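Biologist: I am new to reading structures. Can you take me through one, feature by feature?

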2 protein chains.
Amino acid sequence: MYQFEKRRSIRKYSDKPIDNKLLKQLLTSAEQTQTMGNLQLYSVIITRDKSKKAALAPAHFNQPMATEAPVVLTFCADYNRSTQWCMQRRATPGYDNFLSFLNAAIDTLLYCQTFCNMAEQQGLGLCFLGTTIYNPQQIIDTLKLPRLVMPIATITLGWPDEEGSVSDRLPINAIIHNEEYQAYSPEDINRHYTPKEQLPENKHFVEINNMQTLAQVYTDLRYKPDDCRAMSKVLLNTLRNQGFL
Amino acid sequence: MYQFEKRRSIRKYSDKPIDNKLLKQLLTSAEQTQTMGNLQLYSVIITRDKSKKAALAPAHFNQPMATEAPVVLTFCADYNRSTQWCMQRRATPGYDNFLSFLNAAIDTLLYCQTFCNMAEQQGLGLCFLGTTIYNPQQIIDTLKLPRLVMPIATITLGWPDEEGSVSDRLPINAIIHNEEYQAYSPEDINRHYTPKEQLPENKHFVEINNMQTLAQVYTDLRYKPDDCRAMSKVLLNTLRNQGFL
């Protein structure tokens, strides 16, 4: 039986292709995920073509799996299809707003994650590319996404050609709160984060990057506040261009 | 074996309580879901207390399961904990922006959905309350959510006391696009939506609501454009108040 506790991201894939029937079966089964008012506010673009993968790759900072995976899936929040439906049925839609974007993004991510869970249970390996919302315009242009469609998540998918490694996670008590949110005391933060900071790989990571703390690797290197602010502007502009603001 | 094709939402729960050990086990296992830079940008508030459920219920339009479920889980996008960590580790965080909100919301929803899939595989029943982002301020106040924490999803959870019914879904070809987004022709829309419109329960639904089409039930009754626009403003204001805009 598949053990989720041992789940890991897979970035290297074998040459074995992904059967189209299996892919469609998984995408179909995942449709039973809960969805707002049964509207299914999402679309999935399936990329198998090499030149299309190459065109998408810069948006994903040219991470190797973006071109090496046999299949790249771009999960999009989609209010275009429902809007078309309404317009053909004497109904007046009005979903060009932020609430509707977030509703569609929620639908999309829940669907995406059920797909991931099912694909991994079948032995497939995948990696989630968080870069999708960093450079959405490039993805929109390459995949020809119309108004009221916004890329939210990208999955590279294939049969594993590496073991991968299980990542450390925070203790569950760092995540859960009973009845009300409990403010974190300095002692709480130490208790929750010290085990992670003490891992040899994380200590090594801090050292080779000439940082003093693991947190600095995040703030000074991986997710710089200035970059986040700049990308926020781009993201809001893109939402505006796609009709959601 | 659990068949996802037969998945259904459960709104009625038996008196059997949910063992805290099982709940924690499921929430812990789900932590292996992919997460941005291993930051785990989420928190979960566990509500078992009756008076707390009653306080949350109006935010969920007093749907009965919000008070009748033994457990209500509110999944929150959380950049507060990481920010606290950075500040205690000589690192300068800067995640009070829209990109960071969306990153945290993505983390939260992927985690939430893995939890849902696992809980259902254990035989638990659940209902996803999309109302969470409609009245976020009430939830924030009740659960005492601090700055950089935003409620995204609510799950009512319990052992099923009803069969529930499997919902119809769009044919998979309505959802997937090969290589590029294919614009929907009027014929495509008819082909994709007619089976749903012809279902006896949907015909009945249109009739009892005195509508001409199923689409009108959505635009004129369930998700009125004016409501969506008003709630968009509230939602953006709430994001601003929580420090994400």
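**Reading the interface and the cavity**

Modeller: Start with where the chains meet. In this predicted model, 114 residues of chain A are in contact with 114 residues of chain B.

Biologist: How much area do chain A and chain B bury between them?

Modeller: About 10400 Å². Of that area, 59% is on carbon and sulfur atoms.

Biologist: Next, charges. What is the idea behind a salt bridge?

Modeller: Side chains of opposite charge can pair when their charged atoms come close. Now the case here. Between chain A and chain B the count is 6 salt bridges. One of them joins the side chains of A:Glu180 and B:Lys52, at 2.7 Å from N to O.

Biologist: Which helix gives the largest share of the side of chain A that touches chain B?

Modeller: Helix H5 of chain A, residues 98–121. This helix supplies 16 residues. By class, that side of chain A has 55 nonpolar, 38 polar and 21 charged residues.

Biologist: How many residue pairs are in polar contact across the interface?

Modeller: The rule finds 80 such pairs between chain A and chain B, with both residues at pLDDT 80 or more.

Biologist: And how many salt bridges are there over all chains?

Modeller: The count comes to 18. Look at one inside chain A. The side chains of A:Asp226 and A:Arg229 meet in a salt bridge, 3.1 Å from N to O. The two residues are 3 apart in helix H10 of chain A (residues 225–241), so about one helical turn separates A:Asp226 from A:Arg229.

Biologist: Last topic: empty space. How is it found?

Modeller: Rolling a probe the size of a water molecule over the atoms shows where empty space is left. Here the count comes to 1 cavity of 30 Å³ or more. About 30 Å³ of space lies in the largest cavity.

Biologist: Which residues line the largest cavity?

Modeller: A:Tyr218 from chain A, then B:Leu39, B:Tyr79, B:Ser82, B:Trp85, B:Cys86 and B:Tyr95 from chain B. Helix H4 of chain B, residues 80–87, gives the most to this lining, with 3 residues.

Biologist: How does the lining divide by class?

Modeller: Into 6 nonpolar residues, 1 polar and no charged.

Note on methods
Residues are numbered from 1 along each chain as its sequence is written. Chains are lettered from A and ligands numbered from 1 in the order in which they are written. This is a predicted model: local features need pLDDT of at least 70, side-chain atom pairs count only at pLDDT 80 or more; totals for chains, interfaces and linings use all residues. Side-chain values use heavy atoms; hydrogens and water are left out. On a 1 Å grid over the protein atoms alone, a cavity is a set of points where a 1.4 Å probe fits but cannot get out, and a pocket is an open set with protein on both sides within 12 Å along at least five of seven lines; lining residues have an atom within 4 Å of a point. Grid points are joined across faces, edges and corners, and a volume is the space filled by probe spheres set on the points. Helices (H or I, at least four residues) and strands (E, at least two) are DSSP runs, numbered from the N terminus. Ala, Val, Leu, Ile, Met, Phe, Trp, Tyr, Cys and Pro count as nonpolar, Asp, Glu, Lys and Arg as charged, and the others, Gly among them, as polar. Contact means heavy atoms within 4.5 Å. Buried area is the accessible area (1.4 Å probe) that two parts lose on being put together, summed over both. A salt bridge is a side-chain nitrogen of Lys or Arg within 4 Å of a carboxyl oxygen of Asp or Glu. A polar contact is a pair of N or O atoms within 3.5 Å; within protein, one must be able to donate a hydrogen and the other to accept it, and residues adjacent in sequence count only if both atoms are side-chain atoms.
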